[in-house]
Amino acid sequence: NSFKVLKKNFLIHINSLKILEINKNAHYFFTSTSEVYAGSLEKKLLQFPTKETNLLALQDLSNKRSSYMLSKIYCEALCNQFKGNITILRPHNIYGPRMGMSHVIPQIFKKFFLSKNSFFAYSPNHKRTFCYIDDFIEFIIILMNKKDKKKFDTFNIGNPNDEISIKNLVIKIGKILGLRKKIIWKNDNHDSPKKRKPSISKLIKISGYKPKFKLERGLELTLEWYQKYE
């Protein structure tokens, strides 16, 4: 649904800005995405940990996956050009209970429980850093409540600690669940970024908060919830 992604993200955003035009005292928090860095990674222009000032490059416009990234970059451009109180947030791999089944951690959980003896897993060499939902929410609440926040600013939100490959993530989840299955590794999914690792030094300086949840503990809490409710 690449066309719908482009169209609907734009319409949602432009209508939000119309509301901000009417209520000029409001402060608008726009959730962008870490995917805005995907083109820079593809063109070897991305540095790690990635700062908000890193150059943003575009991918091939015919790439269906890039439609999400393109819509968010365009919406960020609208924020930059709009005269109003706006904060842009770029979330990096947020996880936790109630996140559905379409992200990597619940997908792995599902495969461990539904497969008989073995299952396929992809992109073993891709690397991520994951941010537990409670830390993510805490960052946002602090930013929203700051009285001296700038009229316009951009922040990465995530946890640059505990970087892990997808292969090691699958192994770790299996250990936490206490399940042993044969994992058949497939090639990397090249449409997905090979690495994500944000710099949140700017966010920590402004908020005074640092992520509290280590990956091991966050995974335990997440998987406990999925075992109970899914």
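Modeller: Helices (H or I, at least four residues) and strands (E, at least two) are DSSP runs, numbered from the N terminus. This is a predicted model, in which local features need pLDDT of at least 70 and side-chain atom pairs count only at pLDDT 80 or more, while totals for chains, interfaces and linings use all residues. Residues are numbered from 1 along each chain as its sequence is written, and side-chain values use heavy atoms, with hydrogens and water left out.

Biologist: How many helices and strands does the protein chain have?

Modeller: Both kinds of element are present in the protein chain. The secondary structure comes to eight helices and nine strands.

Biologist: What radius of gyration does the protein chain have, and what would a compact globule have?

Modeller: The radius is taken over C-alpha atoms, and the globule rule is 2.2 Å times the number of residues to the power 0.38. The C-alpha atoms fill a box of roughly 60 × 40 × 30 Å along the principal axes. For 230 residues the rule gives a value near 17 Å, with which the protein chain agrees, as its radius of gyration is 19 Å.

Biologist: What percentage of the residues in the protein chain is buried?

Modeller: Buried means under 20% relative accessible area, exposed over 50%, and partly exposed in between (1.4 Å probe, protein chains only). Of the 230 residues in the protein chain, the buried share is 45%.

Biologist: What percentage of the contacts between residues at least 6 apart in sequence joins residues at least 24 apart?

Modeller: A contact means heavy atoms within 4.5 Å. Among the contacts of the protein chain between residues at least 6 apart, those joining residues at least 24 apart make up 82%.

Biologist: Where does P49 lie, and what is the peptide bond from F48 to P49, cis or trans?

Modeller: P49 is found in the loop between α2 (38-42) and α3 (66-81). Most peptide bonds are trans. The bond from F48 to P49 has omega near -10 degrees, and its form is cis.

Biologist: Is S123 buried or exposed, given its phi near 55 degrees?

Modeller: Most residues other than glycine have a negative phi. S123, in the loop between β4 (118-121) and β5 (127-128), has a positive phi. Because its relative accessible area is 7%, S123 counts as buried.

Biologist: What is the relative accessibility of D162, which also lies in a loop?

Modeller: D162 belongs to the loop between β7 (152-157) and β8 (164-165), and its phi is near 55 degrees, a positive value in a residue other than glycine. D162 counts as partly exposed because its relative accessibility is 32%.

Biologist: Which residue makes a polar contact with T87 through its side chain?

Modeller: A polar contact is a pair of N or O atoms within 3.5 Å; within protein, one must be able to donate a hydrogen and the other to accept it, and residues adjacent in sequence count only if both atoms are side-chain atoms. T87 lies in strand β2 (residues 85-91) and is buried because its relative accessibility is 3%. Leaving aside neighbours within four places in sequence, its contacts include Y28, F29, F30, D153 and F155. At 2.7 Å, the side chain of T87 is joined to that of H27.

Biologist: How far apart in space are T154 and H27, C-alpha to C-alpha?

Modeller: T154 has its place in strand β7 and is buried because its relative accessibility is 12%. Its contacts beyond four places in sequence are E52, I88, R90 and K202. T154 and H27 are 127 residues apart in sequence, and their distance in space is 13 Å.

Biologist: How far apart in space are I94 and D134, C-alpha to C-alpha?

Modeller: I94, in strand β3 (residues 94-95), is partly exposed because its relative accessible area is 22%. Not counting residues up to four places away in sequence, I94 touches M99, C131, I133, F136 and I157. I94 and D134 are separated by 40 residues in sequence, and in space by 9.4 Å.
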